[in-house]
Amino acid sequence: MTHDAAVLKAQEIASRVLAPSAGQNDKTGRFSTEAVESLGQSGLLGLMLPADVGGSELGPRTFAAVAATLAEADASVAMVYLMHILGATTISAARPPVADAVTPTLREIAAGRHLSTLAFSEAGSRSHFWAPVSRAHRNGHGVFISAKKSWVTSAGHAQSYVVSSLAPEGSGPTDSTLYLLPAGTRGLSVAGPWDGLGLRANASAPITLEECQVSSDFQITDDGAGFQTMLNLVLPLFNLGSAAVSLGLCRAAVAGTASHLKSAKFEHLGQSLGECLPTLRAQLAAMQIDTDGLSARIEDLVDHLEKPRETTMLRVLESKAAAGDVAISVTSAAMRICGGAAFSKHMSIERLFRDAHAGAVMAPTGDVLREFIGKSLLGIPLF
Ligand SMILES: Cc1cc2nc3c(=O)[nH]c(=O)nc-3n(C[C@H](O)[C@H](O)[C@H](O)COP(=O)(O)OP(=O)(O)OC[C@H]3O[C@@H](n4cnc5c(N)ncnc54)[C@H](O)[C@@H]3O)c2cc1C
């Protein structure tokens, strides 16, 4: 599959499957299994996997374009897709002896029959996902893990979970290891409902692990090497994907606002809102400028990821912090411009506004990213 083919497939799924049901799924908090099926059938679930397991071997540029396209129609599905790509990428980076054991999982993903996700955040360390409080304990040929994972996207729908836990002999708060837990693992259960303000249709529910046995075949990283994988592999892609979801939300907000300004009329004046009010036109223009600015920032990050250099990690940190703020600002402007029509839920703008607020609180949160950037500018260690 080429970059253009992947984006075309995403556009087709967005308009045929996502757009018609996004509003209703948001209202009822329904996870779209048909969206995941379509993504699987189209080959998009294996987007970044190596060709030898059936993947398309495409890179961050295509991932960002697909995530933004899906988010334009339904950010809940886009976030399910984003967490899946991160899960799949982490599994495919499994250290050599494990690589054979996880190959069937990777083949299933590439064949479109397996959805994965990340279960990093824990109730105990909250948004500090890099410091799990659970600890794996040695048991025969593997470990057992008990943990309270909070906010696991696709909880109860994914076929596997990439789970973090402190290494059995780890001594510091970041000495973690990553493991692959199939959904049917005994002791793994969804621990509550998901009823969020936004991204209501992505099943980001808590899961509990009660003495889950994990064989050493499913230990993805070396003992204590989970943190490095989170930092070097997961973080850049997560921040890119999250920024792309924000971009999709901004584009949808601009399109929805423009459409409203053209169609809503002041009948007593014989003009549309857009024709009548320069102040609304100026606000729409500001939304477009911010959206294009975010698009350029994402393009710059993709370039940094394709050609890593000294400034790459700074761009990684900046991208999600900036994107979260832009999405909140652009969708807030859309709410204001579209007035009562948006407020009374007659349009999808208020869903975009609610969904946009997730970006800033998903870890690493916007505050944490700004803290990291400030520290790194001053040469202060981040952890
Ligand atoms: C829709 C959604 C989906 C999610 N999906 C997943 C998932 O699939 N997998 C997963 O592992 N997690 C997921 N998460 C969890 C997410 O990544 C965060 O862990 C979670 O949102 C943290 O919320 P909290 O209330 O515990 O944050 P807290 O840690 O309690 O933060 C509260 C406030 O303190 C600020 N803060 C915290 N630390 C610092 C600091 N060092 N400096 C400055 N400010 C700070 C934060 O920015 C925030 O404003 C998801 C969250 C959401 C909302």
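Predicted model: local features only at pLDDT ≥ 70, side-chain atom pairs only at ≥ 80, totals over all residues.
How many nonpolar, polar and charged residues line the second largest cavity? Residues are numbered from 1 along each chain as its sequence is written, and side-chain values use heavy atoms, with hydrogens and water left out.

Now to the opening question. The lining of the second largest cavity has seven nonpolar residues, no polar ones and no charged ones. Here Ala, Val, Leu, Ile, Met, Phe, Trp, Tyr, Cys and Pro count as nonpolar, Asp, Glu, Lys and Arg as charged, and the others, Gly among them, as polar. You can find this lining at F129, W130, L231, L235, P364, F372 and F383, around about 40 Å³ of space. On a 1 Å grid over the protein atoms alone, a cavity is a set of points where a 1.4 Å probe fits but cannot get out, whereas a pocket is an open set with protein on both sides within 12 Å along at least five of seven lines; lining residues have an atom within 4 Å of a point. Grid points are joined across faces, edges and corners, and a volume is the space filled by probe spheres set on the points.

Counting cavities of 30 Å³ or more gives two. The largest cavity has a volume of about 60 Å³, and helices α4, α6 and α10 each supply at least two residues of its lining. Helices (H or I, at least four residues) and strands (E, at least two) are DSSP runs, numbered from the N terminus. Among the residues lining the largest cavity are A75, M79, S242 and D355. By class, this lining has seven nonpolar, three polar and one charged residues.

Next, look at the largest pocket, which holds about 690 Å³ of space. Of its 32 lining residues, S121, W151, V361, M362 and A363 lie nearest the centre. Helix α10 (349-361) is among the elements that each supply at least two residues of the lining, and α10 gives the largest share, four residues. The lining of the largest pocket has 20 nonpolar, nine polar and three charged residues.

H84 sits in helix α4 (residues 75-92) and is buried, with a relative accessible area of 0%. Buried means under 20% relative accessible area, exposed over 50%, and partly exposed in between (1.4 Å probe, protein chains only). Not counting residues up to four places away in sequence, H84 touches L45, I109, H114, L115 and S116, where contact means heavy atoms within 4.5 Å. S154, in the loop between β3 and β4 (160-166), also counts as buried, at 0% relative accessibility. Beyond residues up to four places away in sequence, its contacts include F31, L115 and Y161.

Finally, follow helix α9 (residues 312-343). The end C-alpha atoms of its 32 residues are only 40 Å apart, short of the 46 Å that a straight helix would reach at 1.5 Å a residue; the expected span is 1.5 Å times one less than the number of residues. At I337, α9 bends by about 85°, the bend being the angle between axes fitted to the seven residues ending there and the seven starting there. Just after α9, K345 takes a positive phi of about 65°.
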